Each structure stands twice: as C-alpha cells, then as structure tokens.
Amino acid sequence: MASITANLVPPLFVQGRKPLFNTLQKLPVSPIKERQYRAALVVKATGENSESSTSLTVFKSVQNVWDNNEDRLGLIGLGFAAVAALWASANLITAIDKLPLIPNALEFVGILFSTWFVYRYLLFKPDREELFQIIDKSLSDVLGQ
C-alpha cells in the first residue's frame, strides 16, 4: 500500500465562491503565514500483490547473487563498471554538447524517437502489453532465468 500526503491550496478546490468538493471543507486547515490556508490531503492507493513487480524480482535476483560467496566479486565489478560507464557517458555528453549544431540535431532526433516510441509502445493497451513482455524477456535473459 502506498500513501501520498500533499498540501494543496484551497483555490484549487473552489470554482468561483462555491467549493467543488463538499467533503474537503471538513478537513482540518492550519494557517501558514498570515492569510494563506492550506488543506492537508492524504491519498492511499492499494493494488495487487507487489511480488509480481519487475523491480522486486531484480532486487531478489541481486540479493541471491550477493548471498553466493563466489559471485560477490563479480557483482562488485559489475557495480563498478556501471558507475564508470555512467561517468564516461556523462563526460561524453558534455563534450558533444559543446560542439555547434550537434546538440540541436540530437535534440531533434530525440524528439522524433520519443514520439515514435510513445506511438509504438505506449499509446494503445496491446502495444503496452507487448512492451512489458519484451522488458520481462530481456530481464530474464540478462539475469539468466
């Protein structure tokens, strides 16, 4: 179960002088500064069992590898390689960003690719399910499951 707490300004709930939500008038309001009042709103989300989550599966796989004494060195090396790759890619992007016209061209290519990706994989439900299957298959191939 996840929960979110937010402080919202009352004009978000008011249309003219009439409140949109009558139940929000009953929430406790505490003064902040002199004339501003904010309503506290707590939202709780419940869903299916999170054990089927991909991130949880990755975490459990890494934890299983860490438990094996033989694989610890490999896992530490993999972590070091990931940090080194992140550092190198950040420096490469900084160097490319200093070249004239290249950043604008790459930004345009990124916008085109993002548009294509949203249309291809995120816009329609069957395509989203296909993307989830591709991600699950790739993760299982990488983790050797």
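**Briefing: helices, a surface patch and salt bridges**

At 52% relative accessibility, Asp141 counts as exposed (exposed is over 50% relative accessible area, buried under 20%, partly exposed in between, with a 1.4 Å probe and protein chains only). Keep in mind that this is a predicted model, where local features need pLDDT of at least 70, side-chain atom pairs count only at pLDDT 80 or more, and totals for chains, interfaces and linings use all residues. Residues are numbered from 1 along each chain as its sequence is written, and side-chain values use heavy atoms, with hydrogens and water left out.

**Salt bridges**

- The count comes to three salt bridges, each being a side-chain nitrogen of Lys or Arg within 4 Å of a carboxyl oxygen of Asp or Glu.
- Asp141 pairs up with Lys137 at 3.2 Å, N to O; the two sit four residues apart in helix α4, so about one helical turn separates them.
- Lys137 is exposed too, at 53% relative accessible area.
- Shared partners join Arg120, Asp127 and Glu130 into one salt-bridge network.
- Arg120 is partly exposed at 27%, and Glu130 is partly exposed at 27%.

**Annotated spans**

- The unreviewed UniProt entry puts "transmembrane region" at residues 73–93 and 105–123; such annotations may be inferred rather than shown by experiment.
- Residues 73–93 are 100% helix and 0% strand, with the end C-alpha atoms 30 Å apart.
- Residues 105–123 come out at 95% helix and 0% strand, with the end C-alpha atoms 26 Å apart.

**Loops and surface**

- Leu101 sits in the loop between α2 (72–97) and α3 (102–122), and has a positive phi of about 70° although it is not a glycine.
- Leu101 is exposed, at 68% relative accessible area.
- Val118, Tyr119, Leu122, Leu123 and Phe124 make up a nonpolar surface patch with about 470 Å² of accessible area together (Shrake-Rupley method, 1.4 Å probe; patch residues have over 30% relative accessible area and no salt bridge, with nonpolar side chains joined within 5 Å and like charges within 9 Å).
- Phe124, in the loop between α3 and α4 (125–143), is partly exposed at 41%.
- Gly144 follows α4 and is exposed at 66%.
- Gly144 and Ser61 are 83 residues apart in sequence, and 9.7 Å apart in space, C-alpha to C-alpha.
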